[in-house]
Amino acid sequence: MFGLLDRIDRMNAGIHHASESVPGLPVHEAVLLRMLLMTGNAVVEEIERILKPHGLSDSDFRTLMMVYTAPGGSTSPSELCGFAQQSPTNMTRITNVLVKQGFVTRAASDEDRRRVELSITPEGRRFVRKLLPTLFPRIHGAFASLSATEQKTLEQLLRKVAANIDQLIGSDS
């Protein structure tokens, strides 16, 4: 099995090789985008490995965290779809998992009976408070070789890239 750096090196070589037969290929930008994707995927794979014994996926846990951090501990599936980047069908599947686990409840909204409201349960709160600290060493470890200044710079750079992507996507609409 190849490590992440080995896979990045092979990808880098592949993009450089492709650039020999594809004029104008933005090699550096393509390498950076692939590195972002590969790094993100590696993080998701590790989170999935940690969550698997609990019967949750990364999408399930991210959704649980969004309900956990929502004002008043409740939100609607439609609001979650946009933030979690999930289709309504997949959000229904995720919600079913979280309800079955006892981490959230699903009920009609008091203000609008047509609207479904998801709320964190005491069991959901306990689970989040128990699981999150087990992730802290990995979070710290992922950035261990970066100084605080470098971490802040990375955040600023990623925000610039995110703004560029928002602008690209907005111009496609």
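At what angle do the axes of helix 3 (residues 58-69) and helix 5 (residues 88-101) cross? They cross at roughly 75° and come within 10 Å. Axes here are lines fitted to C-alpha atoms over the stretch in contact, with angles from 0 to 180 degrees between N-to-C directions. Helix 3 and helix 5 are therefore roughly perpendicular (65 to 115 degrees). Contact (heavy atoms within 4.5 Å) involves Ser59, Asp60, Thr63 and Leu64 of helix 3 and Met91, Arg93, Ile94, Val97 and Leu98 of helix 5. These residues divide into five nonpolar, two polar and two charged.

This is a predicted model: local features need pLDDT of at least 70, side-chain atom pairs pLDDT 80 or more, while totals for chains, interfaces and linings use all residues. Residues are numbered from 1 along each chain, and side-chain values use heavy atoms, without hydrogens or water.

Helices are DSSP runs (H or I, at least four residues), numbered from the N terminus.

The patch covers about 820 Å². Its members include Leu33, Phe136, Ile139 and Leu154. Ile139 sits in helix 6. Helix 7 gives the largest share, five residues. Patch residues have over 30% relative accessible area and no salt bridge, with nonpolar side chains joined within 5 Å. Areas come from the Shrake-Rupley method with a 1.4 Å probe.

Salt bridges (a Lys or Arg side-chain nitrogen within 4 Å of an Asp or Glu carboxyl oxygen) number nine. Arg138 forms one with Glu46, their closest N and O atoms being 2.4 Å apart. Arg138 lies in helix 6 and Glu46 in helix 2, so the pair ties together parts 92 residues apart in sequence.

Notes: Helices (H or I, at least four residues) and strands (E, at least two) are DSSP runs, numbered from the N terminus. Angles under 35 degrees count as roughly parallel, over 145 as roughly antiparallel, 65 to 115 as roughly perpendicular and the rest as oblique. Ala, Val, Leu, Ile, Met, Phe, Trp, Tyr, Cys and Pro count as nonpolar, Asp, Glu, Lys and Arg as charged, and the others, Gly among them, as polar. Patches are made of residues with over 30% relative accessible area and no salt bridge: like charges are joined within 9 Å, nonpolar side chains (Val, Leu, Ile, Met, Phe, Trp, Tyr) within 5 Å.
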